[in-house]
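This briefing presents one protein model for a reader who is new to structural description. Please view the sequence and the structure together, and then follow the points below.

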Amino acid sequence: NFRLKGFIWIAFFLLTFACTDMISASVIKPWVGRIRPCADPYLADSVRQVVRCSGLFSFVSNHAANHFGMAMFTFKTFTFIPTSWKWLLFAWAFIISYAQVYVGVHFPLDITCGGLLGCIVGAGIAWIFNRKAGLPTLA
């Protein structure tokens, strides 16, 4: 139905994912350097390890940044979906983020700040899409 506008939306959606992932993994994690709870020698015995502990650093959560970024971008650009339904996007992002704490690979602050980063990036790229891409919002 959306033709070119739909392809451009997909490109901006993927740009949102790429930006949140690169900022969180390549800039913030090495700069802050907080060790994951599952990799911390003082906490490793008391942390529930449901999955393998991958990577050394945990702040900020890539999962939270990516999913909240995609949720915010979709929330801001899909005008044809009622607002009451669009909040499910954030529920989905929260469940994904909470799971990272549940399995022992992130602290709660990691997902909180990752979600905030994702929302900021998602809103910014949605603003560019809505205002600067020369396209009206999807409707």
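Leucine 109 is located in helix α4, which spans residues 108-132. The model that contains this residue is predicted.

**Leucine 109**

- Leucine 109 has a relative accessible area of 46%, and it is therefore classed as partly exposed, since that class lies between the 20% limit for buried residues and the 50% limit for exposed ones.
- When neighbours within four places in sequence are left aside, leucine 109 is in contact with Arg34 and Phe59.
- Between leucine 109 and serine 61 there are 8.9 Å in space, from C-alpha to C-alpha, although the two are 48 residues apart in sequence.

**The protein as a whole**

- The protein contains 4 helices and 0 strands, and its elements follow the order α-α-α-α from the N terminus.
- Of the 139 residues in the protein, 40% are buried.

**Helices α2 and α3**

- Helix α2 covers residues 62-77, and its axis comes within 9 Å of the axis of α3, with a crossing angle of roughly 175°.
- Helix α2 is therefore roughly antiparallel to α3, because an angle over 145 degrees is counted in that way.
- Residues of α2 that meet α3 include His63, Phe68, Met72 and Phe75.
- On the α3 side, the residues that meet α2 include Lys86, Trp87, Phe90, Phe94 and Gln100.

**Glutamine 100**

- Apart from residues up to four places away in sequence, glutamine 100 touches Ser61, His63, Val105, His106 and Ile111.

**Lysine 86**

- Is lysine 86 buried or exposed, and which side chain of opposite charge is nearest? Lysine 86 is buried and has no salt bridge; the nearest such side chain is that of aspartate 21, 25 Å away.
- The side chain of lysine 86 does reach the backbone oxygen of phenylalanine 75, at 3.0 Å.
- Phe75 is also one of the residues that lysine 86 touches, together with Phe78, Thr79 and Ile81, when residues up to four places away in sequence are not counted.

Notes: Residues numbered from 1 in each chain as written. Predicted model: local features only at pLDDT ≥ 70, side-chain atom pairs only at ≥ 80, totals over all residues. Heavy atoms only, no water. Buried < 20%, exposed > 50% of the residue type's maximum accessible area, 1.4 Å probe, protein only. Lys, Arg positive; Asp, Glu negative; His and termini not counted. Salt bridge = Lys/Arg side-chain N within 4 Å of Asp/Glu carboxyl O. Polar contact = N/O pair within 3.5 Å; in protein donor to acceptor, adjacent residues only side chain to side chain. Contact = heavy atoms within 4.5 Å. Axes fitted to C-alpha atoms, helices over the stretch in contact; angles between N-to-C directions. Helix = DSSP H or I, 4+ residues; strand = E, 2+ residues; numbered from the N terminus. Parallel < 35°, antiparallel > 145°, perpendicular 65-115°, else oblique.
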